[in-house]
Amino acid sequence: MIRTGVIDFGTATRRGILWACIWMFFSLFLHADTYSDAMRLKQKAEEEQSHGRLEEALRMFITAEEMFSKCHGAETEQSLCLYYTCISYFNQRDLPFMRKPMRRLQQLARRYPENIFIQYDYLSVLAAYESAVYEEKPSDKLRDQFMVHFKQAVYWQSKMTAAEWKKRQINPMFNLMNIAVLYDLSYNPPLIDSMQVYIDRA
């Protein structure tokens, strides 16, 4: 056979399409497999958390979040893992470690501004972080910030159904009571009327 150096573009195009189809098939297969593994790991982490094995749960949430980040359309599950990671560090008052997953959650919130779950997760975590910083370095500006962010989180949770609260293990009273308590503890004198409004809502 004489090599003429002429490319058969018809054959090359067909081969290109074939390889593209094969690549898409395996990408979808791997995506589904990664997503399923991440969901199982998240569910296991939630189980560990409910039994008080918090360090193991934290490790699993971190791993599951990394897996969800590689899956198209898994941003809501990724957000929940980041939320749990942040709250774990918050409960330990480990604010430096809390900042990294909070930044990742912020990136998700900016990328999906209409996703009610991601907005709720991010604003709840942000307000909690700011209130913890306020305990160490009180300022009127910081107090105003976390009050606004807690109220924004309440706004987003109000857009969810009771079934969605249950699925994501959201206690709708949590942020309402946070606001009420902060009207008492963060103001001098306490803003009793404002505090009562949120107690009544809870």
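Student: In which helix is the place of Arg 143?

Tutor: Arg 143 has its place in helix H6, residues 140-157. Helices (H or I, at least four residues) and strands (E, at least two) are DSSP runs, numbered from the N terminus. This is a predicted model, in which local features need pLDDT of at least 70, side-chain atom pairs count only at pLDDT 80 or more, and totals for chains, interfaces and linings use all residues. Residues are numbered from 1 along each chain as its sequence is written, while side-chain values use heavy atoms, with hydrogens and water left out.

Student: Why is Arg 143 called buried?

Tutor: The relative accessible area of Arg 143 is 13%. Buried means under 20%, exposed over 50%, and partly exposed in between (1.4 Å probe, protein chains only). Arg 143 is therefore buried. Leaving aside residues up to four places away in sequence, Arg 143 touches Tyr 134, Ser 186 and Tyr 187, where contact means heavy atoms within 4.5 Å.

Student: What makes Lys 42 count as buried, and which residues does Lys 42 touch?

Tutor: Lys 42, in helix H1, has a relative accessible area of 8%, so it is buried. Beyond residues up to four places away in sequence, Lys 42 touches Phe 61, Ala 64, Phe 68, Glu 77, Leu 80 and Cys 81. Thr 63 of helix H2 is 21 residues from Lys 42 along the chain, and their C-alpha atoms are separated by 8.7 Å. With a value of 29%, Thr 63 is partly exposed.

Student: Why is the pair of Tyr 35 and Phe 68 called edge-to-face?

Tutor: A pair of aromatic rings is described by the distance of the centres and the angle of the planes. Rings of Phe, Tyr and Trp (its six-membered ring) pair if their centres lie within 6.5 Å; planes under 30 degrees apart count as stacked, over 60 as edge-to-face and the rest as tilted. The whole structure holds nine aromatic pairs. For Tyr 35 and Phe 68 the centres are 5.8 Å apart and the planes stand at 65 degrees, so this pair is edge-to-face. Tyr 35 belongs to helix H1 (residues 9-50) and Phe 68 to helix H2 (residues 54-68), so the pair ties together parts 33 residues apart in sequence. Tyr 35 is partly exposed at 27%, whereas Phe 68 is buried at 1%.

Student: How do you know which class the pair of Tyr 155 and Trp 156 falls into?

Tutor: Their ring centres are 5.3 Å apart and the planes lie at 75 degrees, so this pair is edge-to-face. Tyr 155, at 44%, is partly exposed, and Trp 156, at 13%, is buried. Elsewhere, Phe 61, Tyr 83, Tyr 84 and Tyr 120 form one aromatic cluster.

Student: Why is H8 called roughly antiparallel to H9?

Tutor: The axes of H8 (residues 173-185) and H9 (residues 192-201) come within 8 Å and cross at roughly 160 degrees. That angle makes H8 roughly antiparallel to H9: angles under 35 degrees count as roughly parallel, over 145 as roughly antiparallel, 65 to 115 as roughly perpendicular and the rest as oblique. Axes are lines fitted to C-alpha atoms, for helices over the stretch in contact, and angles run from 0 to 180 degrees between N-to-C directions.

Student: Which residues make the contact of H8 with H9?

Tutor: From H8 come Leu 176, Met 177, Ile 179, Ala 180, Tyr 183 and Asp 184; from H9 come Ser 194, Met 195, Tyr 198, Ile 199 and Arg 201. Pro 189 is found in the loop between these helices, H8 and H9, and the peptide bond from Asn 188 to Pro 189 is cis, with omega near 5 degrees.

Student: What makes the phi of Arg 93 worth noting?

Tutor: Most residues other than glycine have a negative phi, and most peptide bonds are trans. Arg 93 has a positive phi, near 55 degrees. Arg 93 lies in the loop between helix H3 (75-91) and helix H4 (95-111), and its 41% relative accessibility makes it partly exposed. Gln 169, which is not a glycine, also has a positive phi, of about 60 degrees; Gln 169 lies in the loop between helix H7 (162-167) and H8.

Student: How many helices and strands does the protein have?

Tutor: The protein has nine helices and zero strands. Of its 202 residues, 40% count as buried.
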